[in-house]
Amino acid sequence: MCHPEETIFQMRTYKYLFLLLAALIPALSLPAQTIRLARTDADTARDHFVTATYMFGVDVVLDNVSRVNGVAFELRHNMAGSVRFSGWEPRDFPSRNTIVIDQLDTAGGIEVLNVGILNGNNSNQPGSDNPVAIHLDFVVAPDALHNSNLVFTFVNAQAVIGGDSSRIVTLSAASPNYNVHGFVNVWPGDTDNNGVVDTRDVSHIGLYVGLGSAESLIRGFKRQQPSALWMEQPALAWDSTAITYADADGNGTVTARDMLVVLANFGKTRPEAAPILTGGGADPYPMSVALGQQEKIFSQDLERIPIRIRSARNTIGVSGRISFSSEDIVVHAIEPGELFAQQPVFLWYGDCSGGSTEFALGTTNRSEIAADGIAAYLLVERRSGADPATVAISELTGIGSDSHLFPLELLSSVAESYTAEEVRILENSASLQITSFVSEELTLSFASLLGEEILPPARVTPGSTIEFPFSEFPAGAYFLSVRGAGRHLLHPFRIAR
Ligand SMILES: [Ca+2]
Ligand SMILES: [Ca+2]
């Protein structure tokens, strides 16, 4: 039996529910209409921070807003003392209808940009969907405080909607903020920035070696007056602040040379007056790099190529780069030479498989040694039947116990090696034949594994060939040194009988 009043009541209830849902559903399903900043000067790895002395740019982007004929907003930030608006460019709206007024409240540390943009349409004409309203550029002053937080705030952000239902909508916005990379104080050698130079600082360099260079993803900055002296040295924070401290010598790259600085300043502690500044939070570039092992390898098949150094100054260590021009040389290890025989020694070298490696070697008690003799040996395997292999040693550096870095010379001040096309070395079971295709005169010398010269030096004039019969040598392993104007080539060879 049907009850008419109950039915009418139910119908009304359903109707109200239906109307309520109809009103709610669009509101629930519509995404928020927003305005935001999008960095244009940096990729996603760097868009969360800004760097002192550098400019950065943002696009002002509207999301989920259709038919936009105009945009207006105030954009404020909290670091007027060190961050300043420097200019704007039009994006999806014409520049003639754009107004930007820059107001400074220096006492309050606030900079306010008042921005109004119209596209010139009549209100019944629909504008553009999700437009980029404008581009804004800012500069960060050199004195911007490291690790401070630059916060932008949108105030009264509105969009003018055109078309059939023209109106003004309020845009919601988050508060974009950027960490500021400013200058930090580096104490050379304290690469983990904990106030003392110890073995952990070596590991820290091993972790970051190679970073900061042109090929690396991490941007590094050279210090203005780089030195290894144990004093506070201002350095612009790198893309990763933690890595800034690993650049002990301040040249803008983490290399084996930085390990020398650790050796020179080993055991030193920061004065009480210099508080330890903590870095900018978690390291955004965690990575693991295996430290080279010092291995003693004894094998008949390995040849030892000495690295000789010479300098008028005494040194507590040596660092450098070794490049192998050919794949027929495999470097298995580096070991300390006679110069370091009487000392407790630290030795580090990188992965040798990539055609070149760096090494650092020095005394762990900061005692100086005379820089004249064999600093280290390369233990190499030479694959038979291959073209002549060459080894070039460059960037050789020494450091005194006073923390002054200086270049080491002689054998090692060689930037480049000769190529196989420039100096042809033919080796057979009875002799070694060297032909020069370069324009300068070359000096040839032969040395034993201990670096002792076993023949007087010989000269090769341009275009000529010289041959050394093996009958002049006892059986054993040797290396030929070819030296010319600023370049050098080492060729190991073995005489078996
Ligand atoms: Ca340390
Ligand atoms: Ca460095």
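**Entry 1: ground rules**

I count two strands as paired if DSSP finds at least two bridges between them. Helices (H or I, at least four residues) and strands (E, at least two) are DSSP runs, numbered from the N terminus. This is a predicted model, in which local features need pLDDT of at least 70, side-chain atom pairs count only at pLDDT 80 or more, and totals for chains, interfaces and linings use all residues. Residues are numbered from 1 along each chain as its sequence is written, while chains are lettered from A and ligands numbered from 1 in the order in which they are written.

**Entry 2: strand 11 and its partners**

I looked up strand 11 (residues 177-181) and strand 2 (residues 49-51). The two pair in the parallel sense, over three bridges. Val-50 has Val-180 in strand 11 as its bridge partner. Leu-150 faces Tyr-178 in strand 11 as its opposite residue.

**Entry 3: the whole chain**

I counted four helices and 28 strands in the protein. The protein has 497 residues, and 37% of them are buried (20 or more other C-beta atoms within 10 Å of the residue's own, with exposed at 12 or fewer, partly exposed in between, and C-beta atoms placed from the backbone). I also looked at contacts (C-beta atoms, placed from the backbone, within 7 Å). Of those between residues at least 6 apart in sequence, 75% join residues at least 24 apart.

**Entry 4: confidence**

I noted pLDDT, the predictor's confidence in each residue, from 0 to 100. Its mean over the protein is 82, and 82% of the residues reach 70 or more. Strand 1 has the highest mean of the elements, at 98. Helix 1 (residues 4-29) has the lowest, at 58. I marked two stretches where pLDDT stays under 50. One is residues 385-389, with 14 contacts in the model beyond four places in sequence. Residues 410-415 are also under 50, with 20 such contacts. Where pLDDT is low, the predicted coordinates should not be read in detail.

I traced an open sheet of four strands in the order 1-3-8-5, with antiparallel pairing. Strand 1 (34-39) and strand 5 (83-90) are its edges; each has a single partner strand, so one side of each lacks a neighbour in the sheet. From one strand to the next the twist averages 30°. I followed strand 1 into strand 3 (residues 55-63): six bridges join this antiparallel pair. Ala-38 has Asp-59 of strand 3 opposite.

**Entry 5: two asparagines with positive phi**

Most residues other than glycine have a negative phi. I found Asn-64 with a positive phi of about 60°. Asn-64 sits in the loop between strand 3 and strand 4 (68-77). I scored Asn-64 as partly exposed because 13 C-beta neighbours lie inside 10 Å. Asn-130 also has a positive phi, near 45°. Its loop runs between strand 7 (110-118) and strand 8 (132-140). Asn-130 is partly exposed, with 13 other C-beta atoms within 10 Å.

**Entry 6: helix 2 and helix 4**

I found helix 2 (residues 199-208) mostly covered, with seven of its ten residues buried. Among them are Asp-201, His-204 and Tyr-208. The cover over the buried residues includes helix 3 (241-244), helix 4 (256-264) and strand 17 (345-349). Just after helix 2, Gly-210 has a positive phi of about 95°.

Helix 4 is mostly covered too: nine of its nine residues are buried. Arg-257 and Asp-258 are among these buried residues.

How do helix 2 and helix 4 pack, at what angle and how far apart are their axes? I read an angle of about 175°, with the axes 10 Å apart. The axes are lines fitted to C-alpha atoms, for helices over the stretch in contact, and angles run from 0 to 180 degrees between N-to-C directions. The two helices are therefore roughly antiparallel (over 145 degrees; under 35 is roughly parallel, 65 to 115 roughly perpendicular, the rest oblique). Asp-201, Val-202 and Ile-205 in helix 2 meet Asp-258, Met-259 and Val-262 in helix 4. By class, this contact has four nonpolar, no polar and two charged residues. Nonpolar means Ala, Val, Leu, Ile, Met, Phe, Trp, Tyr, Cys and Pro; charged means Asp, Glu, Lys and Arg; the others, Gly among them, are polar.
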